[in-house]
Amino acid sequence: MATEAPAKVEQHTIYQIPLDQRHGTWRDLFTIWFGSNIMMLTIITGSLATAVFKLDFISAVLSIAVGNLVGAIFMALHSAQGPQLGVPQMVQTRGQFGTVGAVLVVAIVIIMYVGFLASNIVLGGQSLHTIALGINEHVLIVFIACVSVIATIFGHDLIHAYTRFLTWASGLALLLTFAWIVLVHGLPNQFLAMNSFNSAGFFSMVSVGALWQIAYAPYVSDYSRYMPHDTGAKHAFWASYWGCSLGSILPMILGAMLGLVAANGDPVAGLTAFTGVAAIPIVIIFSVGIAGTNAMNLYCGVLSTITLIHTFIPSWKAGATARAVTAIIITIIGLSIALFAAGNFLATYTNFILMLLYVLVPWTAINLVDFYLVRHGDYDVNAFFTPEGGAYGRFNKAAIFCYILGIIIQLPFVSTELYTGPIAKALDGVDLSWIVGLCVISPIYYVIAKRHSANKLATV
């Protein structure tokens with residue numbers, strides 16, 4: 001059995017990991033999702049509950065917990081696929097959509113990764129700038145980008161090692177922050193009376209928490225595919241579930257607290273103001289934590305890009321050099337957006353990226369139903385890498401139909417700055433699109449897929 005080698009450059013890319021090269025335990029899945037989520041972006045997301053949705057602290061905590069605990073179910077179900085199949089999530093998608101049919105989903109995921117990369121390196125640089133005013137903000141942005149791309153070039157094992165460190169460093173920084181704000185600085189006497197419960201804000205924050213978890217679905221099994229086959233779905237599920245949900249809920253609660261007490265509800269400024277002399281190490285740890293998450297986004301963006309190219313050049317055998325070159329190219333693109341795009345454009349682009357999350361909901365439904373209820377995890381992995389797709393073909397019309405239908409039926413329920421559907425408006429801005437997408441597409445795809453399987457058996 002192989003052992004972890006974080007100092008060595010990973011040689012594998014999109015192909016199945018051989019059984020004799022599998023390594024790691026369920027603890028590695030817990031730390032990669034716990035450590036990578038304790039960062040500034042998670043804190044800012046939690047502040048939406050109080051600063052934007054105007055919830056009181058107790059309601060904010062409850063909505064954050066409910067949303068993340070529900071959304072993490074889907075995230076963890078994808079993670080449990082990794083030890084069994086040993087391939088990246090977007091490669092496995094060919095088993096549902098066909099080799100060419102999967103291209104649309106893969107392309108959307110790549111765009112999402114580049115958008116998150118650009119947004120996160122800006123946020124990391126700006127956060128560091130709050131405690132290092134003498135350093136040009138652009139220099140700090142480039143620093144965050146460099147840390148991200150180096151980890152990506154070394155690959156899977158270094159990223160796992162990095163997030164193990166973050167689990168301890170970010171976890172301790174989070175505890176220090178809570179203790180400093182509550183015990184040293186102190187909260188206002190009327191803290192629990194600030195804002196109030198409102199149903200629109202509560203359900204909107206539940207949706208934010210759920211979508212935060214579902215956003216990991218396209219690449220969660222990329223980090224479990226090295227796990228030994230006998231790790232089992234159960235261990236992979238629970239380690240990923242509790243790692244990601246706890247790692248998200250705790251910093252989001254901090255964000256909700258800061259959204260109430262910080263000036264103008266700004267959690268970054270509030271963090272530095274309320275933690276005093278402890279702000280420097282705390283902000284550094286949370287900001288560098290963004291680089292860790294960016295490395296994960298970039299790594300999976302690279303695997304998705306290689307998957308996309310392989311679709312049209314199936315003879316290409318991408319290795320470590322191809323992964324490194326692709327990582328550098330994607331980083332340059334993301335860094336260019338971060339450094340040279342106007343502020344308004346970046347904000348609009350970020351909203352556009354968030355809109356892309358809605359198109360992942362029907363993919364999640366199709367993928368999970370197909371894996372767990374239709375095929376029961378039984379896939380011909382070798383067929384994923386053939387030009388014709390073997391038993392899965394080039395196009396799976398049933399999956400493509402359900403995918404498009406899933407996007408369409410969500411539109412009336414979407415609530416974002418870019419677009420708000422008529423039903424969402426009637427519900428005072430409550431976004432239920434992801435619930436509708438999952439609940440409608442899952443049974444429809446199941447019925448169509450089972451009927452298709454029965455027809456195939458009847459003709460044999």
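1. Buried means under 20% relative accessible area, exposed means over 50%, and partly exposed is in between (1.4 Å probe, protein chains only). At 6% relative accessibility, Y216 therefore counts as buried. Y219, at 2%, is buried as well.

2. On the source: this is a predicted model, in which local features need pLDDT of at least 70 and side-chain atom pairs count only at pLDDT 80 or more, while totals for chains, interfaces and linings use all residues. Residues are numbered from 1 along each chain as its sequence is written, and side-chain values use heavy atoms, with hydrogens and water left out.

3. How many of the 12 residues of α1 are buried? Nine are, so the helix is mostly covered. The buried residues are D28, L29, T31, I32, W33, F34, G35, S36 and N37. Their cover, counted by contact (heavy atoms within 4.5 Å), includes α2 (40–52), α3 (57–79), α9, α10 (199–214), α11 (232–261) and α13 (279–312).

4. I159 belongs to helix α9 (residues 156–185). Its relative accessibility is 1%, so I159 counts as buried. Leaving aside residues up to four places away in sequence, I159 touches I32, A151, Y223, A295, M296 and Y299. I32 is also one of the buried residues of α1. The C-alpha atoms of I159 and T293 are separated by 9.1 Å, although the two residues are 134 apart along the chain.

5. T326 sits in helix α14 (residues 320–340). With a relative accessible area of 12%, T326 is buried. Not counting residues up to four places away in sequence, T326 touches V302, T305 and I306.

6. A disulfide is a pair of cysteine sulfur atoms within 2.5 Å. A search of the whole structure finds zero disulfides. For C244, the nearest cysteine sulfur is that of C300, 13 Å away. C244 has 0% relative accessibility and so counts as buried. For C439, the nearest cysteine sulfur is that of C402, 15 Å away. Is C439 buried or exposed? C439 is exposed, because its relative accessible area is 54%.

7. Rings of Phe, Tyr and Trp (its six-membered ring) pair if their centres lie within 6.5 Å; planes under 30 degrees apart count as stacked, over 60 as edge-to-face and the rest as tilted. By this rule the count comes to 23 aromatic pairs. In one of them, the rings of Y216 and Y219 have centres 5.9 Å apart and planes at 80°, so the pair is edge-to-face. F384 and Y392 have ring centres 5.5 Å apart and planes at 45°, so that pair is tilted. F384 is buried, with a relative accessible area of 1%, and Y392 is buried at 9%.

8. Which residues form one aromatic cluster? They are W33, Y113, W212, Y216, Y219, Y223 and Y299. Of these, W33 is a buried residue of α1, while Y223 and Y299 are among the residues that I159 touches.

Note on methods. Helix = DSSP H or I, 4+ residues; strand = E, 2+ residues; numbered from the N terminus.
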